[in-house]
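Welcome! Here are some exercises to work through with the structure in view, each followed by a worked solution.

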Amino acid sequence: MAVVGRGVALLESRSRSRIGAERLFVAAIVAVVLSLAAAACTSSGGDDAARDPDRSARGDVGDSGNGVSGDGSGSIPASMDFGSGPDIDGVTAPDATPIGISADMTVGQLDNGLRYYIVENDAPGGQVELLLAVDAGSAQQPVPDSGNAHFLEHMMFNGTEDFPVNELDAVLGGLGVEIGPDLNAYTSFDETVYQMSMPTVEEANVELGLRVLAQWAGAATINQADVEAERGVVREEHRLRNESGGAEINERLFEYYTQNSGYENHLPIGSPEQILATDAEELRAFYDDWYRPDNMAIIAVGDVDAATIERLIKQELADLTDRGSSPPRTPVETGPIIEPIVEVLTAEGGPEPSISLDYLWPTWDPSTVGGQRMLLADELIASMLGAYLDEQAADPSLDLIRPFVGVAPVARSRRLLGMNVAADDYRQGPADLMRAMRSVEVNGFAPRHFDQARQQALSTIDQTVAAEPSKQDFQYAGEITDHFLTGSPLENIEAWAARTTDQLESLTLDELNRIFRWEMSITAPILGLLGSDPAELPSQAELEAAVAEGLAGELLGDVDAEEIEQLLARPDGPDPVSEGEFFDQFNGSYRWDFDNGITVLFWDSTIASNQVDVLAVGGSGRRDLTADESALADMAIGAVTASGVAGVTQVTLDRYLSDRQVFVAPFVDTRFQGLSAAAATDDVDVLFELINAYLTDPGVDAGGLAEARNQMDAQLQALETDPSFAAFAAEREARFELTPNLFVLPTADEVDSASAEELLSIFESRFGAADEFVFLIVGDIERGDLEAVVVDYLGSLPGGGGSGGITEPPAGRYPTGPIRVRVGAGRNDSGAGFDRVFVSTDGLNLEDRLTAELVAGIINDRLFSRVREELGASYGGGNATVNSGYLNSGDTSFEISVDGDPARLDEIKAAVDEELSVLLTDGPSATDLAEAKAVLGNDLQFFTNFDLLEALLTGYLDGTSTDPFAEPSAVSAIDAADVAAMARRLMADEDLIEVTRQPGG
């Protein structure tokens, strides 16, 4: 089964995604502007050389799914060709042996040159991912900042020979395929990729999907009237993504990242002037030149018969021909950056101050054994550097806070070693960072850094192999797309694991130190001091002096890092006082009750292989905190989780967890407090060891306090610079006017004066009474194995004098609306729009919730058609969501959010009012209802572990079982009258809080 479900949103701190598979861990994203590199999604790297169907390539640790590495960088362009490898004694030259395809799939090539890849996969089942990959992006545009490649992507959805104008949306909507979640595309510097997810209940569905791809590949209409109509939408996308203080700084950084290369001035989105001047003729020329069979591939992964798909591909695409001049696909020229760049980069509405430090690193051919080995070496170096900087940041004599290190692709022929660091004093922080970088370059990494990075990589390999049985369609499709575009390997899991492990074991600390020194010797730093207010930062001259000081300063000494064998001595817990099946309908569910007041509910699930998810919920959240305590609750959690636990530092804890796949995140919201956690099955004992430590022995040290203070400062700055966050805060203040302690932000003085003791006290007040919690566990583990861990680590927790279990929170108290607020912050045009939130104490049962989801779906479709397609005044149109407490009780909020041109907000509001009025008065049309049912029914076929966690919690709180697997059948009985009545119930004027986001105050 898949990971997509529409369950009740129980916890305000959790958000749900409608796409993709469950992720075990939250991966950090390098904050170096990759969002600018792709107009509609992130860019991916690749290899520009000619590709054969048997050419392979997917293979560092991250490439085979959820791993350590995975930058997807491409082959070395001629202008940056480092020959056979580093010219350093003791470093092995890269092996040019190609990695052949060993994955179980059907690979072929039509006579016209089009390649295709087909994989039969039953995770999630009942679905297929269909992709069209085009090996051309904005770097191939004849006019650098025209945005033609990206604008052309938009035009694919605006008419083809078989699907004129917007008929495609209507045809696919009837199958439950929704633009955005199921039907999307992205354009990067180097490629354009179209993606479609659709049900495979009938073979005709798949045939229709392949016909759509064939139409995009060779039958787009691209007429002038449609281009002119789409200009407003693309212009709105530029505003949404690029017209903020933070985006302005990112764009200036990107000028440095792409200088001396063919990517310079080729951002996919283009310039506003070029967007508004785009005409059909130039788009047609790019389409005919690059959308040709020898430059494209079809990818199909899912619950399909490979022979049938192969036949349909030949049927739909064999007649596709070249239409243009067929220019050769040559590598993008790119040269090194050899002169240091040091600059203070500020913009009104920019981010909280931080130091961005990047180095241009070599690219390696990912299709070869040696290229993969060098990519792996670079990832190990980045991991070691992160551990080294964490250790140095723990030294109170250095001003380094929250260092983050990663390898990030800018484009196929450009990738960076990137760092982002905060500081208390931005005159000292850059000096300390450069001093640390110089020290590690000269002294090298220590054996402990190498051991930690190596263990992390080995652990990831083990987890990836164990998770292979539940590998999702979209993961396979992504790997195949990368292979076609970059040459990255397509290996079966056994071959990938064996090769990667062998390469990992062949790399030595000495070799990695040599590679690191060589890579640093052939590039120069790009250091930016980022912020919004120049008065809060050093001058350009002061920054240059700080960097010079760091480069000339005394080398840093080694930090003596502690290493532990065990975090806690394993307690000997008592047997449960009662146990047994939870609900008969929940096949495989079980319950344990302990005399300390804790209840544990478990549901055996193989939705995600070798993964266990945990949700601990309890207490009263912010309800019995004072306003002062509530204001610091998030800061308290941040300080504790950045300080280590059980008397060990965070650096020591990171070392202890380096070879384990474990994630724990405490939270406090308006209803509950709790823990969200996950682990690989083999690491469940360590997971509960860590949970026990957070509940019994938390702490706050100086480093954790500094990091939490920095994070809160960034949040407070967002109130002044980001209309979207300012609107969120304004809506919450209005919602909780009668209970202000449920949402209150601290003042800057409160953040600065908060002590470690105060924050720890707040944390302990929420998490000190174990008997207030119910622990919900869902995952791929034998009940007997889990029980032993649960007994020891949960059964042994002190009761703490709590209430004994969790109870229903009191109904919310909200002021009578309508309430209308206007907020402005900075000049962040990308945040313009408005949010309408309808809040009530009216809970939703199962049928109500499904009906409310249909209302949201119908509104989303109408606003997309009206505000985006008809008016061209918004990139997304609008987004409606329903959030409810657990079934039959709790509060409900129905939210409609619309982003749009700040100069046209009155016009957009009038259009939205008209669409909602028609729905409230007349109800949905037959087409509205049929398409919304198809989309919702399609969504409800798939489940995540979190869906099962919700069902367990609902059953525990309500005392009744609601089988999530039965939800799809309940949709068919809902009629138009039900939807109309629910729309009126959800959108009552007295429940309305409207916040308009208007930049500039």
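Rings of Phe, Tyr and Trp (its six-membered ring) pair if their centres lie within 6.5 Å; planes under 30 degrees apart count as stacked, over 60 as edge-to-face and the rest as tilted. The model is predicted, so local features need pLDDT of at least 70 and side-chain atom pairs pLDDT 80 or more, while totals for chains, interfaces and linings use all residues. Residues are numbered from 1 along each chain as its sequence is written, and side-chain values use heavy atoms, leaving out hydrogens and water.

**Exercise 1. Find the aromatic pairs and describe two of them.**

Step 1. A search of the whole structure gives 23 aromatic pairs.

Step 2. Take Phe189 and Phe254: their pair is stacked, with 5.8 Å centre to centre and 20 degrees between the planes. Phe189 sits in the loop between strand 4 (183-187) and strand 5, and Phe254 in helix 6 (residues 245-258), so the pair ties together parts 65 residues apart in sequence. Helices (H or I, at least four residues) and strands (E, at least two) are DSSP runs, numbered from the N terminus. Both Phe189 and Phe254 are buried, meaning under 20% relative accessible area, where exposed is over 50% and partly exposed lies in between (1.4 Å probe, protein chains only).

Step 3. Now turn to Phe583 and Phe586, an edge-to-face pair at 5.5 Å centre to centre with 80 degrees between the planes. Phe583 and Phe586 are buried.

Step 4. Finally, ring pairs link Phe157, Tyr194, Trp216, Tyr287 and Tyr291 into a cluster.

**Exercise 2. How much of helix 28 is buried, and what does it pack against?**

Step 1. Helix 28 covers residues 926-939. Of its 14 residues, 10 are buried, including Leu929, Val935 and Leu936.

Step 2. Those buried residues pack against strand 3 (127-134), helix 3 (167-173), strand 5 (192-199), helix 26 (846-870), helix 30 (967-971) and helix 31 (976-986). Contact means heavy atoms within 4.5 Å.

Terms used:
Expected span 1.5 Å × (residues − 1).
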